[in-house]
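Please look at the sequence and the model shown here. The report that follows goes through its helices and its sheets.

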Amino acid sequence: MVLQKLGEVAAYYLDNLLNDNMILGISWGNTMYHTVKAVKISKNIPITVVPIMGAANVRTPERDSLDLSKELAYAYGGTYHCIYAPLFVNSEEVRDSLEQESNIKGCLEFARNADIILTSVGSIVYKSWKSYLSTRDLYNLEKKGAIGHIGGHFYDMEGNEGSACIM
């Protein structure tokens, strides 16, 4: 119920921010899902929606940034782009290679130029991340003091950022 109400407030706020031809970047998760669900359809505001990260939410794809981008663009009568890449990869080399692929590079450029970024803060609960990261990666995150994430970027108590693929 709390997430639903939070989503309604965020959707109302978003409605008051958006103007024609804006670029809206979106992350993933339960809060984003409830925000998108709370947007009333048929707004007819020509916006472009783009995920700010690769795909991660394999267990509940409706909460993933790719599906949320599509649904939010539909609700506003806009267009969307998708990043056809995973959020987490095994090495910096793989990440760098993917970022050079033309579709991914173009979407990331849209995200960098977004007028608004819609995201939330999440906790690092072992159970919820088990299907995305290996036990070793989760152990390393815990060992380094990770307490939460924003868009798959983990941070510690002092706000220092780490990366799951290189920890």
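At what angle do helix H1 and helix H2 pack, and how far apart are their axes? Helix H1 (residues 2-17) and H2 pack at an angle of about 60°, and their axes are 7 Å apart. H1 is thus described as oblique to H2.

This is a predicted model, in which local features need pLDDT of at least 70, side-chain atom pairs count only at pLDDT 80 or more, and totals for chains, interfaces and linings use all residues. Residues are numbered from 1 along each chain as its sequence is written, and side-chain values use heavy atoms, with hydrogens and water left out.

**Terms for helices and strands**

Helices (H or I, at least four residues) and strands (E, at least two) are DSSP runs, numbered from the N terminus. Axes are lines fitted to C-alpha atoms, for helices over the stretch in contact, and angles run from 0 to 180 degrees between N-to-C directions. Angles under 35 degrees count as roughly parallel, over 145 as roughly antiparallel, 65 to 115 as roughly perpendicular and the rest as oblique.

**Helix pairs**

| Helix pair | Angle | Distance between axes |
|---|---|---|
| H1 and H2 | about 60° | 7 Å |
| H2 and H3 | about 20° | 9 Å |
| H4 and H5 | about 85° | 5 Å |

The crossing of H1 and H2 is right-handed; a crossing is left-handed if the near helix is turned anticlockwise from the far one by less than a right angle, and right-handed if clockwise. On the H1 side, the residues that meet H2 are Leu3, Gln4, Leu6, Gly7, Glu8, Ala10 and Ala11, and they face Asn30, Thr31, His34, Thr35 and Ala38 in H2. Contact means heavy atoms within 4.5 Å. By class, the contact of H1 with H2 has 5 nonpolar, 6 polar and 1 charged residues. Ala, Val, Leu, Ile, Met, Phe, Trp, Tyr, Cys and Pro count as nonpolar, Asp, Glu, Lys and Arg as charged, and the others, Gly among them, as polar.

Val2 also lies in helix H1. Val2 is exposed, with a relative accessible area of 67%; buried means under 20% relative accessible area, exposed over 50%, and partly exposed in between (1.4 Å probe, protein chains only). The C-alpha atoms of Val2 and His34 are separated by 9.9 Å, and the two residues are 32 residues apart along the chain.

Helix H2 (residues 30-38) also packs with helix H3 (residues 65-76). The angle of about 20° between them makes H2 roughly parallel to H3. Their crossing is left-handed. Met32, Tyr33, Val36 and Lys37 of H2 make the contact with Leu68, Glu71 and Leu72 of H3. In this contact of H2 with H3 there are 5 nonpolar, no polar and 2 charged residues.

Helix H4 (residues 92-100) packs with helix H5 (residues 102-112), and the two are roughly perpendicular to each other. Leu98, Glu99 and Gln100 of H4 and Ser102, Ile104, Lys105 and Leu108 of H5 make the contact. The contact of H4 with H5 divides into 3 nonpolar, 2 polar and 2 charged residues.

**The parallel sheet**

An open sheet of 4 strands has the order E3-E2-E1-E4, with parallel pairing. Two strands pair if DSSP finds at least two bridges between them. Strand E3 (79-80) and strand E4 (116-118) stand at the edges with a single partner strand each, so one side of each is left without a neighbour in the sheet. E1 is joined to E2 by 4 bridges, and Ile23 stands opposite Thr48 in E2. Strand E1 (residues 23-26) is joined to E4 by 3 bridges, and Ile26 stands opposite Leu118 in E4. Between E2 and E3 there are 2 bridges, and Thr48 stands opposite Thr79 in E3.

Are the faces of E2 covered or open? Both faces are covered, with Thr48 and Val50 on one side and Val49 and Pro51 on the other, all buried. H3 lies across E1, strand E2 (48-51), E3 and E4, and runs at about 170° to E2. Ser69 is in helix H3 and is buried, with a relative accessible area of 0%. Not counting residues up to four places away in sequence, Ser69 touches Ile26, Val49, Val50, Pro51, Tyr80 and His81.

**The antiparallel sheet**

Another open sheet of 4 strands has the order E5-E6-E7-E8, with antiparallel pairing. Strand E5 (122-123) and strand E8 (161-162) stand at its edges, each with a single partner strand. Strand E7 (residues 153-155) is joined to E8 by 2 bridges, and the bridge partner of Tyr155 in E8 is Glu161.
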